[in-house]
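Please read these points beside the model, as a colleague's note on its surface, its core and a few backbone details.

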Amino acid sequence: MEEHHSNKQFWQGALAGALVMFLVGAAVFFGMRLGSGSAGGGEKEKTEVTAANDQKLENLKRLVDAKFLYADEIEEGAMQEGLYKGYIEALNDPYSVYYDEEQTQKLMESTQGEYSGIGVVMSQNIETKTITAVQVYSNSPAKEAGVEENDILYLVNGEKVAGRDLADVVQDIRGEEGTTVEITVLRGEELKEVTLEVERRKIEVDTVAYEMKDDQIGYIRITEFDLVTYAQFTAAFEELEKEGMKGLVVDLRANPGGNVDTVCQILDLILPEGTIVSTKDRSGKETVMESDEEHQFTKPIAVLVDGNSASASEIFAGAVQDYGLGPVVGTTTYGKGIVQTVYDLKDGTSLKITTSEYFTPNGRNIHGKGIEPDVEAEYQRDENDPQADNQLEAALKAVRDQF
């Protein structure tokens, strides 16, 4: 990538460029699509604004060059990247992000279901910026080091993460395979401080786990919707069918979302013919994703969700709920009813930007509200049996009640 762009080049590109929970080592993209291209219009106004911004940037550069104490330490490439990142951050949209070359490469790797990291899904509270571990993968370096779900991230290599963007924190945790990262978490109601050293390794994500429960009820847990998830889901689904599945629980708890096309592919196996989800952009253009009549799951089903089930997970739960195929069980979901598109900027970098809102088959937009369960079931830890899962039991009962 060319490092030294002129100010004029930057502002022309930026102003014309309406081009679109993070997994540690991969992006949690909450309903993301891949795209390319750019948009223009209003060239005269842009030229006037560009000239004014050019002048201000020149003034800033002149003062920095003349007065900044550590001018000899300035990295021009980093300054330029900072302009791009700051421009997108000024949108004040937590889901719109500029990715530099390294971040873009890791983002693309993440959508393939394989990445180098520690094996934790982390979610960030939009208001407080608190970063929490919502999933710790089995057989992962994080699991081996002692990271637990619900740990609150406090320090990375001794540096506080409070108030920082999740994407930047993830970059600090990720690194070369075989190296280590020191993380400090706050744990439990007393917020006990625990410091752990975790090795970075290549993580191959199994996004689907399954087993047959009592009464021949199949159980499929989807941890995220990556490009590999459809094949993993179909393999699990077909195996459960071979074993005589009479009903199904789909567990989407702590699933932060993922690729919209992937969740639609999976829902096409379950829903009757009709709308899966529709999206609408700022111009009012509507796009409808539909299921065909070739496949439909007609056995009892329940979908298990919680407050960390977001976007693509909510598309799944909302569709099953709207078609009346079975109950949604658990607690109200995250409430992210918007879609991001990632655009290749043709120089190794990329832009993820919010481009549309989505609607369930019945026309609901759940942004900021979430999907309310048909069967309310708050998780209650059993101190005598830590493996007990009252929410799952509620979902299994909801399926049995349909027999």
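1. The chain exposes about 19600 Å², of which carbon and sulfur atoms supply 45%; accessible areas come from the Shrake-Rupley method with a 1.4 Å probe, and for residues only the protein chains shown count as cover. This is a predicted model, in which local features need pLDDT of at least 70 and side-chain atom pairs count only at pLDDT 80 or more, while totals for chains, interfaces and linings use all residues. Residues are numbered from 1 along each chain as its sequence is written, and side-chain values use heavy atoms, with hydrogens and water left out.

2. Of the 403 residues in the chain, 49% are buried, where buried means under 20% relative accessible area, exposed over 50%, and partly exposed in between (1.4 Å probe, protein chains only). The chain has 10 helices and 21 strands, these being DSSP runs numbered from the N terminus (helices H or I, at least four residues; strands E, at least two).

3. The largest nonpolar core holds 39 residues, and Ile220, Ile222, Phe233, Leu248, Leu267 and Phe316 touch the most other members; such a core is a set of buried Ala, Val, Leu, Ile, Met, Phe, Trp, Tyr and Cys residues joined through side-chain atoms within 4.5 Å. Among the elements that give two or more residues to this core are strand E13 (217-222), helix H7 (229-242) and helix H9 (312-322), and H9 provides the largest share, 6 residues. In soluble globular proteins, nonpolar side chains tend to be buried together.

4. Helix H6 (residues 166-173) is mostly covered, with 6 of its 8 residues buried, namely Leu166, Ala167, Val169, Val170, Gln171 and Ile173.

5. On the surface, Phe68, Leu69 and Tyr70 form a nonpolar patch with about 350 Å² of accessible area together. Phe68 lies in the loop between helix H2 (43-67) and helix H3 (76-89) and is partly exposed, with a relative accessible area of 42%.

6. Two residues other than glycine have positive phi values: Asn150, near 80°, and Ala254, about 60°.

How values were computed
Patch = residues over 30% accessible without salt bridge, like charges linked within 9 Å, V, L, I, M, F, W, Y side chains within 5 Å. Salt bridge = Lys/Arg side-chain N within 4 Å of Asp/Glu carboxyl O.
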